[in-house]
Amino acid sequence: MSKFRNQGKKELPPISTASLPDIVFMLLFFFMVSTTMREVNYKVDIRLPEATELSKLEKKSLVSYIYVGEPKLQFQSTFGMAPRIQLNDQFATVGDIQDYVIAEREAREENERPQMITSLKVDENTKMGIVSDIKQELRKSAALHINYSSRERVER
Amino acid sequence: MAKKIPEIPSASLADIAFMLLIFFLVTTTMDVDSGLERRLPQWVDPEELENDDRINERNVFVVLVNRNNDLLVEGEYADIDNLRERAKEFMANPYNDETLPEKEPTQIPYFGETMVTKGVISLRNDLDTQYGTYIAVQNELVAAINELRDELARERFGKPYKELEGDRQNAIRDIYPSRISEAEPKKVGGN
């Protein structure tokens, strides 16, 4: 009888924390691999338009971005309120786009170049005039595959 | 006699790793960029561009967007909510209507000889059109073609278009080509 009674009084050993760093490291590596740091600082305000027929940009390394929108508040004194183009970290004009596309193309491996995509991040209140100019420049520099970046619209 | 080096304490290892973990947790952005995918036409020198009006009028679905973001579809005011239905009707032409585009018999794998529409959607916008409206219109036109493809895929293969194998997708794409042409923008009315 006493043989069984004794067992209940035994103290639980503390849980070993030796494997804790391993678990944390595992999580750490996961986030390190999946993370993408924001590469540019937006100098323009962009509120993307909404759409339903979206396709994802799968390979980030093949995408080059063109941003269009009103300059942020701190740049409005120098650049004004009218929508401007931003390439990389700088304000640019329509004439700079061809050089930008060529530079982006040079930075890629030769076999990846045909699959390059240009993503247009344009504010929804921008007038089409500037967008059409950009499209003409892209056509001239043979960057024909484009993606109008937009948000997912929730269907009511 | 060599002095024994004391073991480095590893108790703080977890803390350091946690700190790094929190840093990456905060800086990480998981959102995948997505958007409307389009292909621009090849650049043509304006001087070489000759105006050929060989395309029959009934084969063109004209969508105009003016500077006040109003829509003119086939010559009359229209609402963006009806655009998708009208574009679908135009591309499919189920009853072989005289005013809707002609069809041409074409050999297509999996389907045999099929009547393929000659219809082209022409989208023209004003320089002052808002980008948001333009994307909304583009979205409706792309959606119309995607829905037609999806309906055909379900009817024929019992699966949505996106889940089909590559060559079946190609066959459906041949029947409903994504022909949205964008004319060079210019002023299109609206005072």
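**Exercise 1.** Find how S3(A) and strand S1 of chain B are joined.

*Solution.* Start with the bridges: two of them link S3(A) to strand S1 (residues 34-39) of chain B, and the strands run antiparallel. Strands here are DSSP E runs of at least two residues, helices are H or I runs of at least four, and both are numbered from the N terminus; two strands pair if DSSP finds at least two bridges between them. Next, pick a residue: Ser55(A) sits opposite Gly35(B) in S1(B).

Some housekeeping: this is a predicted model, where local features need pLDDT of at least 70, side-chain atom pairs count only at pLDDT 80 or more, and totals for chains, interfaces and linings use all residues. Residues are numbered from 1 along each chain as its sequence is written, with chains lettered from A and ligands numbered from 1 in the order in which they are written.

**Exercise 2.** Work out which element gives the largest share of the side of chain A that touches chain B.

*Solution.* First, the totals: 44 residues of chain A are in contact with 40 residues of chain B (C-beta atoms, placed from the backbone, within 7 Å). Then list the elements giving two or more residues to chain A's side, among them helix H2 (20-34) and helix H5 (128-140) of chain A. The largest share, nine residues, comes from H2(A).

**Exercise 3.** Trace the five-strand sheet of chain B.

*Solution.* Read off the order, S4-S3-S2-S7-S8, in an open sheet with mixed pairing. Strand S4 (76-78) and strand S8 (180-182) of chain B are the edges, each pairing on one side only. Now zoom in: six bridges join the parallel strands S2 (residues 60-65) and S7 (residues 120-125) of chain B, and Val63(B) stands opposite Leu123(B) in S7(B).

How values were computed
Two residues are in contact if their C-beta atoms, placed from the backbone, lie within 7 Å.
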